[in-house]
Amino acid sequence: VGDNAARASGVIASAAGGKILQVVQAVKTDASDISTSWSDISGLSVAITPSDASSKLFITCSVTIGAGRAAYVKLLRDIGGAGYADSAYIGDAASSRVQCSMYTMHQDYPGICGNIGYLDTTNTTSEVTYKLQGLASNSGATYRLFINKDWSDGDSNEYGRGASSITVYEVGA
């Protein structure tokens, strides 16, 4: 099929590549909190085994975050059980700055939703596991990273509880 015929038919990618081959997802609906050391965010980890080493993995994360001050989240990756390392989706950090995938800096405000979208190249057919970790900037009862709730978690219609997810799509080459 020529280029013009393909455009006229609505085809924008060849049949050989760009197809979603599989999707895995983890959803967290309960609330939790994290203190001042990098810690796994329970329920936000997912494993996928690519069917082809040339496939790409597209990771999307949506995390409802509340914080008493500053809070940080980072995406980590483990290939074939070799151990977790930061994914390539983290910011450059110099001096005392925290290297992370997303962060919020506010005091005593309700939760926000932070998002990640990252296309990863792993070149493997071994199991790949992605997880999210969180970190709060200060210690104390209100200086924590809150997942799926705000810092005060009040019990009235002025406060909410959210949900968070991590989804990985295998995209054929």
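Modeller: Start with a cut-off: buried means under 20% relative accessible area, exposed means over 50%, and partly exposed lies in between. This model is predicted. Y118 has a relative accessible area of 15%, so Y118 is buried.

Colleague: What share of the 173 residues counts as buried?

Modeller: 38% of them do. The chain has 1 helix and 11 strands.

Colleague: How do I read a nonpolar core?

Modeller: In soluble globular proteins, nonpolar side chains tend to be buried together. Here the largest nonpolar core holds 27 residues. I59, L75 and Y130 are among those with the most contacts inside it. Strand β4 gives the largest share of this core, 6 residues.

Colleague: Which residues does I59 contact, leaving aside neighbours within four places in sequence?

Modeller: Among them are L75, Y118, Y130, I166 and V168.

Colleague: And aromatic pairs? How many does a search of the whole structure find?

Modeller: It finds 2. Planes under 30 degrees apart count as stacked, over 60 as edge-to-face, and the rest as tilted. The planes of F58 and Y169 stand at 35 degrees, so that pair is tilted; the ring centres are 6.0 Å apart. F58 sits in strand β4 and Y169 in strand β11, 111 residues apart.

Colleague: What about Y89 and Y118?

Modeller: Their planes are at 45 degrees, so this pair is tilted, with centres 5.6 Å apart. Y89 is in the loop between β6 and β7, and Y118 is in strand β8. Y89 is partly exposed at 27%, whereas Y118 is buried.

Colleague: Which residue lies over the face of W38?

Modeller: K74, at 4.4 Å from the ring centre. K131 lies over the face of Y84, at 3.9 Å from the ring centre.

Conventions: Residues are numbered from 1 along each chain as its sequence is written. This is a predicted model: local features need pLDDT of at least 70, side-chain atom pairs count only at pLDDT 80 or more; totals for chains, interfaces and linings use all residues. Side-chain values use heavy atoms; hydrogens and water are left out. A nonpolar core is a set of buried Ala, Val, Leu, Ile, Met, Phe, Trp, Tyr and Cys residues joined through side-chain atoms within 4.5 Å. Buried means under 20% relative accessible area, exposed over 50%, partly exposed in between (1.4 Å probe, protein chains only). Helices (H or I, at least four residues) and strands (E, at least two) are DSSP runs, numbered from the N terminus. Contact means heavy atoms within 4.5 Å. Rings of Phe, Tyr and Trp (its six-membered ring) pair if their centres lie within 6.5 Å; planes under 30 degrees apart count as stacked, over 60 as edge-to-face and the rest as tilted. A charge sits over a ring if NZ of Lys or CZ of Arg is within 6 Å of the ring centre and within 35 degrees of the ring normal.
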